[in-house]
Amino acid sequence: MRLYSMFSKLLAMKSNYKRLGDYIRQVDVRNRNLNVTELVGLTIDKAFIPSVANTVGTDLSNYKIISHNQFACSLMQVSRDGKMPVAIYKGDTAIMSPAYPMFEVSRTDELLPDFLMMWFSRKEFDREVTFWAVGGVRGSLTWEDFMNLYIPVPSIEEQRKIVGEYQAIERRIENNRRLIATLEAAAQAIYRNMFVDNIDLNNLPEGWRMGKITELSELRVGGDKPSVLSNTKTDKCPIPIYSNGTEDEGLYGFTDKALIKTNSFSISARGTIGKCFLRFSPYVSIVRLISVIPYNPDTLFYQYHFFANHKIEGDGSVQNQLTVPFISGEAMIIPPFEKMTTFALLVTSLYKNMVEFKSESVILVKLQELLLLKLSQL
């Protein structure tokens with residue numbers, strides 16, 4: 001048995017810090033009767049998702065059943081990833097690969113499952129388990145070391161208060177997400193009604209024509225990372241940096257000077273190619289991210305929706321990618337300018353509301369992080 005880390009020893013000295021293993025127990029219920037068919041997986045971001053694994057020919061009777069308020073985790077390669085996948089399951093029973101350890105809170109009168117999940121969500125928790133996993137086989141965390149972690153266990157009343165505050169913020173973020181999705185769907189419906197439905201590509205309406213995006217916009221390609229770089233937004237570095245990623249709309253970091261200062265949209269050129277995001281504030285693009293900057297701002301929304309709905313195959317190289325010459329050569333429907341302007345007038349308010357909801361959610365996420373940070377002070 002390895003010695004406890006110095007961090008855990010210090011925590012053990014606090015009267016309200018308890019050994020995790022004294023509050024949880026392993027769960028191993030198999031799907032012997034094949035009664036459960038919902039298959040889920042666990043992401044590195046501590047969330048359950050519907051599994052896309054091919055289960056043809058797989059014996060699902062050996063899969064584990066997970067129930068409401070139970071946890072699943074992965075102890076493999078924790079030090080490599082710098083994060084431990086662990087999540088609390090909500091809803092009807094589902095099944096998971098038998099490779100996932102599962103557990104539940106055994107003393108729910110003393111420790112709320114949702115409070116424990118808040119503790120697991122902290123960046124400091126991931127740093128600690130990463131430290132413990134360094135000496136493990138292939139950087140994995142042992143179940144024994146996981147059980148020997150120390151967690152705060154304040155009064156159940158205080159836990160309920162903290163969880164209530166956290167979940168209230170969580171519900172507001174989810175409500176904003178749904179509102180944004182509704183507004184996006186409304187804008188998409190207007191676009192289809194005006195530019196897609198009942199439009200014959202072989203017999204375009206009068207005033208419509210085929211053309212290229214370079215007739216409407218300037219294309220720029222992202223370069224190297226700026227020399228001034230911050231992982232967080234600061235007074236010195238308030239300008240966002242975007243790359244080809246899809247998480248957080250490709251946000252990479254922040255810098256001090258913008259290279260693109262007008263409303264535009266970007267097209268991912270590496271990895272998941274063709275993913276489009278509107279950009280309403282000055283920014284810097286890097287790693288070959290393609291930015292589309294309209295000559296006339298009234299055409300921005302039409303161009304964005306056209307390429308967001310346009311399937312792009314890439315240049316066909318071994319590592320699929322997009323280039324400015326490739327995008328420039330793509331055929332594009334160009335409707336009359338007046339129609340693009342009308343579309344902009346119809347959807348501008350929708351996108352203004354989306355920006356407001358997204359900005360509010362950024363603030364709410366920071367509040368969540370502050371709540372999680374305060375847990376270490378209990």
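Helices and strands here are runs assigned by DSSP, where a helix is a run of H or I with at least four residues and a strand is a run of E with at least two, both numbered from the N terminus. With that in hand, let me say what kind of model we have. It is a predicted model, in which local features need pLDDT of at least 70 and side-chain atom pairs count only at pLDDT 80 or more, while totals for chains, interfaces and linings use all residues. Residues are numbered from 1 along each chain as its sequence is written, and side-chain values use heavy atoms, with hydrogens and water left out.

I will start with two loop residues. Asn198 lies in the loop between helix 6 and strand 11 (209–211), and its phi is near 65 degrees, a positive value in a residue other than glycine. Is Asn198 buried or exposed? Asn198 is exposed, with a relative accessible area of 83%, where exposed means over 50%, buried means under 20% and partly exposed is what falls in between, using a 1.4 Å probe and protein chains only. Glu249, which sits in the loop between strand 13 (239–242) and strand 14 (251–255), also has a positive phi, of about 60 degrees, although it is not a glycine; at 25% relative accessibility, Glu249 counts as partly exposed.

Let me turn to the aromatic residues. The structure holds 24 aromatic pairs, where rings of Phe, Tyr and Trp (its six-membered ring) pair if their centres lie within 6.5 Å, and planes under 30 degrees apart count as stacked, over 60 as edge-to-face and the rest as tilted. One of these is the tilted pair of Tyr191 and Tyr302, at 6.1 Å centre to centre with 40 degrees between the planes. Because Tyr191 lies in helix 6 (residues 156–195) and Tyr302 in helix 7 (residues 300–308), this pair ties together parts that are 111 residues apart in sequence. Tyr191 counts as buried at 4% relative accessibility, and Tyr302 counts as buried at 1%. A further pair is made by Tyr304 and Tyr351, whose ring centres are 6.5 Å apart and whose planes stand at 90 degrees, so this pair is edge-to-face. That pair links distant parts of the chain, with Tyr304 in helix 7 and Tyr351 in helix 9 (residues 337–374), 47 residues apart, and both Tyr304 and Tyr351 are buried. Ring pairs also link Tyr191, Phe195, Trp208, Tyr302, Phe306, Phe307 and Phe343 into a cluster.

Which residue has its charged end over the ring of Tyr23? The charged end of Arg107 does, 4.2 Å from the ring centre, and by the rule used here a charge sits over a ring if NZ of Lys or CZ of Arg is within 6 Å of the ring centre and within 35 degrees of the ring normal.

Helix 7 itself is mostly covered, since eight of its nine residues are buried, including Leu300, Phe301 and Gln303. Helix 3 (residues 113–120) is also mostly covered, with eight of its eight residues buried, among them Asp114 and Trp119.

Next, the strands. In a regular strand the side chains alternate between the two faces of the sheet. In strand 15 (residues 264–267), Ser264 and Ser266 point one way and Phe265 and Ile267 the other way, and all are buried. Strand 15 is joined to strand 16 (residues 276–279) by four bridges, and the two run antiparallel; two strands pair if DSSP finds at least two bridges between them. Ile267 stands opposite Cys276 in strand 16. Three bridges join strand 15 to strand 18 (residues 290–294), again antiparallel, and there Phe265 stands opposite Val292.

My last topic is a pocket. The lining of the second largest pocket takes in residues from helix 7 and helix 9, each supplying at least two, and its largest share, seven residues, comes from helix 9. Thr348, which lies in helix 9, counts as partly exposed at 26% relative accessibility. The C-alpha atoms of Thr348 and Arg19, 329 residues apart along the chain, are separated by 54 Å.
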